[in-house]
Amino acid sequence: MKKQPVISILGRPNVGKSTLFNRLTKTRKAIIDDTPGVTRDILRQEFLLGEKQIPVILQDTGGLTDEGDILNPLVQKKSIEALKISDLILFMVEAKNVLPIEEEFIDLVRKSGKPAIIIMNKSDSLDKDIYVHDFYQYGLGEPLPISAAHNRNIDELLEEIEKKLPQTVDTDETETDDASILDERNDLLIKIAIVGKPNVGKSSLLNKITRKERSIVSNIPGTTRDIIDESITYKKYEFRFLDTAGIRKKSKVSEDIEYYSVNRSIKAINEADITLLVIDSLEDVSEQDKKITDQIVKNGKGLIVLFNKMDLYDNSEEAVKKRREILHFKFPQIGYAPTLAVSAVTGKGIGSLLEKILLVKGNLNRKITTSKLNAFIQDVVKRYQPSSKKGVLRISYGVQTSVAPVEFIFFLNNTSLISDNYRQYISNRLREYFHYEGVPIKIIYKEK
């Protein structure tokens with residue numbers, strides 16, 4: 001196997017780094033906005049480079065500047081970290097806009113000894129190309145004029161990246177089939193979205209699980225804007241965690257940036273296998289938590305509820321039990337979800353969480369044979385067979401139609417005979433019978 005090359009885009013705010021990131025990766029992963037300092041954490045995305053389709057990792061970084069808000073030192077620290085782990089630097093500048101602050105960061109790039117390409121963005125037409133001469137002084141070779149927004153000279157940039165990218169070294173000389181490797185990798189991949197309201201400790205939790213300072217952590221609501229992903233290996237599985245922006249009530253979302261952040265958080269739920277709903281143990285369970293869980297249930301995702309900050313709360317089993325009872329009283333529709341007490345500060349509960357993720361993932365992908373399912377149906381109907389003036393309900397048989405999400409079709413004699421209470425009864429018994437912990441179940445009833 002070959003080590004995947006890492007390419008980082010560096011530059012001051014608003015030169016178009018995120019636009020180029022989205023262009024090269026052919027995604028809309030990075031939020032694009034005219035507001036300076038939108039990107040804070042390091043964004044990563046794999047893309048295939050050139051005719052050989054070389055898989056590389058592209059990193060988008062926060063703007064390099066000595067100005068900005070209180071988070072600016074943390075943003076700069078993340079950008080420097082990106083520089084250190086990169087194999088190639090794309091240093092982006094803006095046509096007709098040379099700033100002294102860039103020279104300080106250019107000096108860091110030169111001292112790193114990493115190969116680099118200087119890119120002059122916002123060169124939408126040939127007449128702007130003359131301004132490349134302003135950037136020869138930076139000593140990174142001939143500047144390449146591009147327009148990330150209008151796709152100008154992007155093919156030339158990709159060719160230059162191929163030339164400059166250091167040759168990777170085989171770590172395993174045994175020849176293997178790429179398709180089989182990909183299939184195995186997908187089978188062992190678990191995507192986990194960390195969701196919740198702002199400031200419940202999602203980013204701190206990601207950092208504690210991965211043992212890396214991957215996400216910027218602060219007390220300022222809305223610190224995380226983009227989806228930050230990081231992976232760990234646990235019992236041969238790749239756990240890919242997605243840290244998301246805090247989801248607030250729509251009435252409180254006033255900025256376009258937060259609007260896009262929340263949309264990406266919802267998209268992360270859709271893309272994940274399992275969601276971790278993080279709740280602050282020091283606060284009451286809110287209606288906003290319910291709305292987040294509704295989104296999870298609607299998409300058929302596995303769910304684990306985490307009571308975070310237990311180090312600041314009563315850590316006893318009795319206290320955890322009380323929190324669990326309140327949650328299930330307010331949101332009975334997620335009574336199937338396991339609950340864990342954790343601390344992103346001390347690491348309490350992290351080991352139990354990883355095991356619980358494996359359990360829920362297995363439940364999501366479990367296929368029940370038709371014979372076992374029908375044995376269950378016969379057992380349930382024998383125990384409780386509702387009747388009314390319209391007749392007696394008879395369920396003939398059932399089949400499982402999908403996994404992840406888990407869905408079944410039950411065939412019966414008359415759909416008008418099945419009440420909401422009986423639907424819930426069957427769903428609860430099915431969950432108990434087949435141990436579907438942490439998984440929403442959908443049962444469709446059809447007349448035979």
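Phe408, Phe410, Tyr436 and Tyr445 form one aromatic cluster. The model is predicted. Across the whole structure, a search finds 13 aromatic pairs.

**Tyrosine 384 and tyrosine 425**

- The ring centres of tyrosine 384 and tyrosine 425 are 5.1 Å apart and their planes are at 80°, so this pair is edge-to-face; the cut-off for that class is over 60 degrees.
- Tyrosine 384 has a relative accessible area of 40% and is partly exposed.
- Tyrosine 425 counts as buried, at 15% relative accessibility, because buried means under 20%.

**Phenylalanine 410 and tyrosine 445**

- The rings of phenylalanine 410 and tyrosine 445 have centres 5.9 Å apart and planes at 85°, so they too make an edge-to-face pair.
- Phenylalanine 410 lies in strand S16 (residues 406-412) and tyrosine 445 in strand S17 (residues 441-447).
- The two residues are 35 residues apart, and their pair links distant parts of the chain.
- Phenylalanine 410 is buried, with a relative accessible area of 1%.
- Tyrosine 445 also counts as buried, at 12% relative accessibility.

**A charge over a ring of the cluster**

- Tyrosine 436 is one of the residues in the aromatic cluster.
- Arginine 366 lies over the face of tyrosine 436, at 5.0 Å from the ring centre.

Notes. Residues numbered from 1 in each chain as written. Predicted model: local features only at pLDDT ≥ 70, side-chain atom pairs only at ≥ 80, totals over all residues. Heavy atoms only, no water. Phe/Tyr/Trp six-rings, centres within 6.5 Å; stacked < 30°, edge-to-face > 60°. Buried < 20%, exposed > 50% of the residue type's maximum accessible area, 1.4 Å probe, protein only. Helix = DSSP H or I, 4+ residues; strand = E, 2+ residues; numbered from the N terminus. Lys NZ or Arg CZ within 6 Å of the ring centre and 35° of its normal.
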